[in-house]
Each structure stands twice: as C-alpha cells, then as structure tokens.
Amino acid sequence: MEKVAGKVYRVVGPVVEIEGVSSLRMLDMVEVGGYRLVGEVMRLKGDRAFVQVYEDTTSVKAGDPVYTQGFPLYVELGPGLLGNIYDGIQRPLEVIRRKEGFYISRGVSVSALDRQRRWHFVPLRAPGEELPAGSCLGEVQETSLIRHRIMLMPETSGKLVWIGGEGDYSLEDKVAVVVTQDGRQEDVFMLQRWPVRKARPYIERLKLKDPLITGQRVIDTLFPVAKGGCVAVPGGFGTGKTVVQHQLAKWSDAEVVIFVGCGERGNEMTDVLMNFAKLVDPRTQKPLSERTIFIANTSNMPVAAREASIYTGITMAEYYRDMGYNVALMADSTSRWAEALRELSGRLEEMPLEEGFPAYLPSRLAEFYERAGKVRSLDKKEGSITIIASVSPQGGDFSEPVTSHTKRFIRCFWALDRDLANARHYPSISWIDSYSEYLDDIKEWWHDNIDEKWLSLRYLMMDLLQKEQRLQQVVKLVGPDVLPQTQRLVLEVCHIFKNTFLQQAAFDKVDTYSSAKKQFLMLKTIVDFYHVSEGLLQKGVTLAEIKGLGVYQDVIRMKLRYTEDDLESLAGLSARIADSVKELEF
C-alpha cells in the first residue's frame with residue numbers, strides 16, 4: 001500500500017535528502033516528487049533519509065512529497081526476459097521507444113514484462129504434493145532455445161492444493177495455490193519479484209570442474225575459466241575489452257548470456273544491439289537473441305542507475321541459474337560502476353580514500369563477485385554463473401584501486417596489452433601478465449573429453465614463451481644472429497605460436513571460432529614441430545633448412561586451412577612433419 005514517507009529537504013545531484021521520515025528502511029524503494037522519480041534509500045540519520053535517485057532530479061524541489069510502498073528495489077522475473085533490452089532499473093527500452101519516442105521522459109513507468117502476452121504453461125506437479133521452497137511447478141517454452149521453469153518463491157513452501165491445467169496464461173493469471181506450514185494460502189503466478197541487492201538462496205556450492213569453452217584459443221588453452229568462475233578483463237582505451245566480451249557472448253557455450261553495458265558509450269551499445277539482432281547461434285542455428293538479455297545503461301544515462309545495473313544483471317542471472325542453466329554475465333565495465341559509487345559517495349559527503357573511491361569499494365566488489373559460482377539450487381538443479389567483467393584503468397595502470405581490488409576476488413585475469421592491440425593482434429591478451437587459477441579444476445574435463453596430454457603441452461608452451469621473452473631482451477641488444485641455433489628455434493616456434501595460434505581473426509568464418517579439439521590439435525602440432533626441429537638441430541641441420549620444408553608453411557597456415565569438418569587432416573599434420581624431415585637427416 002503506497003503512502004507518503006516524507007518530503008524533500010534538499011537535492012544534491014542524484015542524491016535527495018528527505019525529512020520527516022518515520023517508516024522508511026534501508027534500501028527501500030521510493031518515488032520522489034510529482035514525476036514519481038524512482039530512488040533507493042541509502043542512509044538513515046535521525047528523521048532524515050538520503051535517497052539515490054535513478055533519474056534526472058532537475059525541477060525536484062524542497063517540499064515535494066516522497067512516496068513508498070515499503071519494499072526494496074526489485075526486478076521482475078518471469079517468461080519474456082530473453083531477447084529484451086532494459087535500462088539499469090529494468091525498464092524495457094523498446095517499449096519506452098514505442099510509447100515515448102527516442103528520448104525517455106522522466107518518471108515514465110512501464111512494466112518490465114508484458115502483462116498481456118500469454119504463455120503456454122505445462123504443469124509438472126499434482127495436487128497433494130508437498131513442495132519445498134523453490135520447487136518447479138511447470139514449464140513454459142520461453143524461446144525455441146530456453147525452456148523456462150516456473151518455480152515457487154525461495155521463501156514459499158507447503159502443500160500444493162491446486163494447479164492449473166495445461167494451457168495459455170498471462171503473467172498475472174494464477175497457476176497454482178499452495179498452503180504453507182502455518183496454514184496460509186498463497187497464490188502462485190508466473191511472475192516473481194526479487195530484491196536486486198539480495199542474493200537468491202541455494203542448497204550448496206559445487207566444485208568447479210567444467211571449462212567455459214569460448215572458441216578463443218588464447219583463452220581456452222592458456223588462460224581458461226571454469227563455469228561458475230570470475231574473470232577480470234582490464235585494459236586501457238582501445239585495447240579490445242568490449243570486442244572480447246562480444247566474442248564470448250557470441251561463441252561461449254553458456255546457455256544464457258546477460259550483457260550489461262554499464263556506463264559505456266552509446267555507439268558501442270548500439271553496435272552490440274544491431275549486431276546481435278543479426279547473429280545466429282552456431283550450435284542451434286537459431287537467433288542468438290533468443291538466449292540473451294541486454295541491459296543498456298550508457299554513459300549519458302543517470303549515474304545512479306549505472307550503479308544499479310550490475311545488480312539488475314546478476315539477479316536475472318541467479319534466476320536462470322536456479323532453473324539449472326549455465327549463465328554468462330558480461331559486465332562492461334566495472335570501472336564505470338565504481339565511478340558511479342564514487343560520485344554518489346561524494347554527494348553523500350562520505351570520507352574518500354585512494355583516488356576518491358569510497359572505503360566500501362572492496363566490499364561492494366566482493367559482494368558482486370561472490371554471487372558467481374556453480375550451485376545446487378533449491379529445486380536440486382545444477383546451474384552456474386560465470387562473471388566476465390571488464391575493467392578500464394585510467395592510462396592502462398593496473399595498480400589503480402578498481403583493478404587491484406578486483407584481483408583479490410577473482411581467479412582468472414586476462415590483461416589486455418596496448419602494444420598487441422596497436423599491432424592488430426587480436427585478442428590482445430598478454431600471455432606474460434595474464435593468469436588462470438582454474439587449470440587444476442578443469443584439467444579432468446580436457447583429459448576425459450579431448451586428450452590427457454593437454455595440460456603438459458600447455459605448460460611446455462608457456463615455458464617456451466617465458467624463455468622467448470628473456471631472449472628478446474638479448475636480441476634487442478645484439479640481434480638474433482649471434483644466438484645459438486637452439487635459442488633461435490625457441491624464437492621461431494614462439495613466433496609461429498603467437499601468429500598462428502594466439503592471433504585470431506574475428507571476422508574470418510573459419511578462424512573466428514576454434515573448438516576445443518581443434519585447439520588441442522594445433523597446440524600439439526606446434527609442440528611436435530618444436531621437438532622434431534630440436535632433434536634435427538642436434539644432428540647438424542640448420543634452422544634455415546627446416547624452414548625451407550613445405551610442411552613449415554602448412555604449420556603456419558593451419559588455422560585457416562583446416563576447418564572444423566577437416567580435423568582428421570589436421571590430426572595427421574604431425575605425422576607429415578615427421579615424414580618430411582627424414583630427408584634432412586641424411
């Protein structure tokens with residue numbers, strides 16, 4: 001029941017101070033002034049409340065009334081989320097465009113989910129069953145790719161006394177009735193509301209063991225992430241953070257993708273939305289938008305809504321995780337989110353710490369990344385959330401607060417290198433500064449599904465890259481000609497690896513995606529070439545003679561020559577290397 005909670009005392013940018021408060025609680029959602037601007041209570045002090053408003057506060061003045069319904073900022077969860085484009089507080093932008101035009105009017109109120117659309121509900125339970133909290137009652141085919149499970153709220157459990165038959169229902173139509181343990185009768189709808197700052201409960205966390213296959217060789221082979229893990233992608237302006245996230249959204253084997261454009265430029269989000277509308281899921285040949293949700297909160301939108309957009313995205317991700325899906329959340333970028341925290345903290349007159357960020361920045365980052373993971377839901381389904389968050393350190397300085405604090409809470413770090421980006425080396429992930437701590441977690445998957453040599457070959461190649469970095473320091477001083485043949489071989493093999501394996505053409509139909517099998521075969525071929533060449537050098541063969549072999553060119557061109565349908569020929573390339581060098585042994 002809506003009521004007046006107080007009146008405006010003063011306005012400081014997106015922060016509104018309210019006086020005469022008696023019933024507000026922390027994080028309660030309020031509506032401010034005649035425009036009914038949505039806000040959230042961030043501090044209580046005596047009879048005063050401080051509210052961050054998610055819209056432009058121009059024309060809000062002292063004495064304006066403030067209304068509340070007594071519940072926190074929430075998102076609506078139910079069929080119809082997939083394929084939609086929302087702003088930071090879950091207003092559907094396409095619906096607003098049709099209603100308001102190309103500009104969002106202040107105070108516009110639009111339901112996040114279509115109340116008129118009817119969904120075909122298939123019941124999975126029968127009256128008389130005892131249902132624990134979060135139980136699945138039935139299913140709706142939300143898109144051709146995703147079957148949406150209609151679940152009880154996490155706080156609701158009891159005896160199912162009535163459930164609707166198979167048929168078409170709107171989100172506000174009753175589909176079931178449950179009698180709780182204390183005798184209350186609760187109606188169940190396909191629509192749920194959940195507070196964005198409260199993590200959805202689950203039974204237990206599970207061990208991470210499956211990799212998120214992205215099709216990007218430098219990621220999957222050198223710096224993999226497990227499903228349920230957290231990744232930071234830091235890099236300066238123009239190093240390709242957004243492009244990497246676009247590729248992962250297109251090609252990763254996550255079943256649901258949530259892309260949060262947090263404070264990014266409008267032209268970047270426009271490019272994302274226009275491209276995704278045309279993309280086809282490579283595994284199902286269905287439109288990619290059928291398993292994707294977009295949250296567009298660009299840099300020209302109110303700064304407070306930018307802070308909320310991250311929580312809106314992670315709450316939606318938890319909802320699909322509870323259905324048993326593997327969800328990938330792309331957050332671009334957490335630096336813009338942290339800047340929103342800094343601005344709001346300044347408006348609240350809080351004591352700043354390093355570079356003006358609030359003292360609670362590390363705890364907010366920890367709360368966000370902690371909501372990732374692989375879990376067993378209340379309905380005993382296994383699902384996961386993988387967070388891939390870009391960071392935009394000013395000047396590419398990885399020691400700045402957001403990047404340094406983020407490294408405390410993640411186990412995978414894809415550092416983007418400006419020199420690689422300027423050299424048009426995509427993805428520009430530095431093989432020197434990046435790391436992954438998920439190797440031991442996912443090695444069994446690689447060994448069981450691809451080959452048991454995967455981890456040893458990966459370690460060998462990383463060792464060669466480390467040697468090559470040290471040798472480059474010598475080469476800069478005296479040139480490569482003074483090095484012994486074995487060290488020149490290391491330089492040559494690393495050159496092949498960097499240009500043939502690590503560099504990937506995002507716009508080439510063959511090279512834009514590499515399966516795990518193809519990645520292993522390419523890695524094995526390069527390592528076999530190294531071992532064979534090393535043996536030939538010991539017998540007096542020169543590196544120039546080895547490079548003159550025809551199979552050398554086959555190795556260099558293998559990423560484009562061998563498609564996913566021709567992996568048998570790629571598997572035979574190692575044998576061809578061994579055969580072709582026999583003539584050099586005599």
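**Ground rules.** I worked on a predicted model, where local features need pLDDT of at least 70 and side-chain atom pairs count only at pLDDT 80 or more, while totals for chains, interfaces and linings use all residues. Residues are numbered from 1 along each chain as its sequence is written, and side-chain values use heavy atoms, with hydrogens and water left out.

I took strands as DSSP runs of E with at least two residues and helices as runs of H or I with at least four, numbered from the N terminus. Two strands pair if DSSP finds at least two bridges between them. Strand 9 (residues 119-123) pairs with strand 11 (residues 136-141) over three bridges; Phe121 has Val140 as its bridge partner in strand 11.

**Entry 2, strand 1.** I then checked strand 1 (residues 3-12), which pairs with strand 6 (residues 65-72) in the antiparallel sense over four bridges. Val4 has Tyr67 of strand 6 as its bridge partner. Strand 1 also pairs with strand 2 (residues 15-19), antiparallel, over five bridges, and there Arg10 stands opposite Glu17. These two strands form a hairpin with two residues between them, and Gly13 in the turn has a positive phi of about 60 degrees. Tyr67 came up again: the charged end of Arg36 sits over its ring, 3.8 Å from the centre. For this I required NZ of Lys or CZ of Arg within 6 Å of the ring centre and within 35 degrees of the ring normal.

I searched the whole structure and got 13 aromatic pairs. Rings of Phe, Tyr and Trp (its six-membered ring) pair with centres within 6.5 Å; planes under 30 degrees apart are stacked, over 60 edge-to-face, and the rest tilted. Tyr319 and Tyr320 are edge-to-face, 5.6 Å centre to centre with 75 degrees between the planes. Tyr319 is buried at 1% relative accessibility, and Tyr320 is buried at 0%. I used under 20% relative accessible area for buried, over 50% for exposed and partly exposed in between (1.4 Å probe, protein chains only). I also noted a cluster of Tyr311, Trp337, Phe368 and Tyr369, linked by ring pairs.

I counted 47 salt bridges, each a side-chain nitrogen of Lys or Arg within 4 Å of a carboxyl oxygen of Asp or Glu. Glu172 and Arg115 form one, with the closest N and O atoms 3.1 Å apart. They are 57 residues apart, Glu172 in the loop between strand 14 and strand 15 (174-179) and Arg115 in the loop between helix 1 (93-100) and strand 9. Arg115 is buried at 14%. Lys498 and Glu468 meet at 2.7 Å, N to O. Lys498 is in helix 12 (residues 485-502) and Glu468 in helix 11 (residues 454-478), so the pair ties together parts 30 residues apart in sequence. Both Lys498 and Glu468 are buried.
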